Amino acid sequence: MRPSDYRPRFFPPVSPAAGPLRLRIIHNPTAGGARWRRYGAVLERLDRAGARIEELATGRRGDAEAYAAALARDDCDRLVVAGGDGTINEAINGLLANQAGGRTIPLAILPLGTANVLAQEIGLSTRPAAVARMILQGAARPIALGEANGRAFTLMAGVGFDAHVVAQVDGRLKKRIGKLAYVWQTLRQLAVYDFPLYRVTVDGEVFTAASAVACNAHFYGGRYVLAPDALLDDPSLEVCLFGRTGRLHAVKYAAALLLGLLPRLPDYRIVTGRQVSIQGPAEDPIQGDGDILASLPAAIRVLPDALNLVFPPRR
Ligand SMILES: Nc1ncnc2c1ncn2[C@@H]1O[C@H](COP(=O)(O)OP(=O)(O)OP(=O)(O)O)[C@@H](O)[C@H]1O
């Protein structure tokens, strides 16, 4: 089953399993430039709490998706994805495509990535004690996912300037200097990008935009706010439209994002919808959750109640 064949369903609350908690961990050892110390500290806490842990390390892109797609319902009580937003993206696509019965296994994250936007979105600190506590005690509840051209995303999918930055970021540079690799690529794209316009249709209404980002979550690139009203459990997307094209406007939008002023700009608007289509230059990249998911033309929609996500316990 592809994510696009997905039908929403109700997830019953997870009752505590009898016996030790069984965790299957999918670990991307390259995420965030390899954060072994944080990973080890979380594992140690899980182990001390008596959890039964089975680790699957990824060897290359695509492994996390294949591991999640092959899980049977009884393989574990919780699937833990240890990596960044790209590895989580792979795992959710694997779960949605899962035909072995494991699709509703609650997914908990162990943030090891560069930006860890989903962790920020659910209010999870990257401290090992907080992460272990969430994996062991956090409650799971259904959230919506987005889907772009058959590929699911947790956070957002976008076209235009930011997608070109993501498409061109050098993976090795990102491992060495982290988020600065995006800053460097943004400067480079300001010099070389040709700023086309896109035709964006949201639930039948047509707009023209220089960039468009369909958000399922309100944070972007860290703790920057693109769509203040976007909520993971809302069965709709907040489509952010950057109205003006050209270098100066791109710099203005980037500065406004960093300063938290984006929603106040008159040429920036947010439209709520469930079905989005985007047309523009053929084969233009679509970025989703910080990786390139597909290319134009884009057909984007929301998948309500698509993932059973573990949230940090309330204090
Ligand atoms: N063993 C591996 N070797 C190389 N690449 C991998 C491996 N496992 C997963 N990947 C790919 O690495 C990419 C980056 O991983 P991920 O997004 O988890 O970390 P990150 O980029 O450091 O963090 P973030 O997305 O939070 O900024 C993903 O697209 C994933 O598919």
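Predicted model: local features only at pLDDT ≥ 70, side-chain atom pairs only at ≥ 80, totals over all residues.
Let me begin with the overall division, in which the protein is split into domain 1, covering 3-146 + 306-310, and domain 2, covering 151-304. If we take the centres of domain 1 and domain 2 over their C-alpha atoms, they are separated by 26 Å. Where the two domains touch, 24 residues of domain 1 are in contact with 32 residues of domain 2. On the domain 1 side of that contact, helix H3, helix H4 (117-121) and strand S5 (140-148) each supply at least two residues, and the largest share, seven residues, comes from H3.

How many residues surround the ligand? There are 23 of them, and the closest are Gly84, Gly86, Thr87, Gly113 and Thr114. Two helices, H2 (63-69) and H3 (85-97), each supply at least two residues of this shell, and the largest share, four residues, comes from H3. The shell around the ligand divides into four nonpolar, 13 polar and six charged residues.

Now to the helix pairs. For those of you who are new to this, two packed helices are described by the angle between their axes and the distance between the axes. Which residues of H1 meet H5? They are Arg38, Ala41, Val42, Arg45 and Leu46, and across from them, in H5, are Pro128, Ala129, Val131, Ala132, Ile135 and Leu136. In this contact of H1 with H5 we find nine nonpolar residues, no polar ones and two charged ones.

The second pair is helix H6, residues 161-168, with helix H8, residues 180-192, and here the axes come within 9 Å and cross at roughly 120°. H6 and H8 are therefore oblique to each other, and H6 passes H8 in a right-handed crossing. On the H6 side the contact is made by Phe161, His164, Val165 and Gln168, while H8 contributes Tyr182, Gln185, Thr186 and Gln189. The residues of this contact of H6 with H8 divide into three nonpolar, five polar and no charged.

I would like to finish with two details of the backbone, which you can look for in the loops. Where is Asn149 found? It lies in the loop between strand S5 and strand S6 (151-153), and although Asn149 is not a glycine, it has a positive phi of about 45°. The other detail concerns Leu296 and Pro297, which are joined by a cis peptide bond with an omega of about 0°. Pro297 is found in the loop between strand S17 (291-295) and strand S18 (298-310).

Technical notes
Residues numbered from 1 in each chain as written. Near = placed C-beta within 6 Å. Nonpolar A, V, L, I, M, F, W, Y, C, P; charged D, E, K, R; others polar. Contact = placed C-beta atoms within 7 Å. Domains from an automatic or database assignment. Axes fitted to C-alpha atoms, helices over the stretch in contact; angles between N-to-C directions. Parallel < 35°, antiparallel > 145°, perpendicular 65-115°, else oblique. Left-handed = near helix turned anticlockwise from the far one by under 90°.
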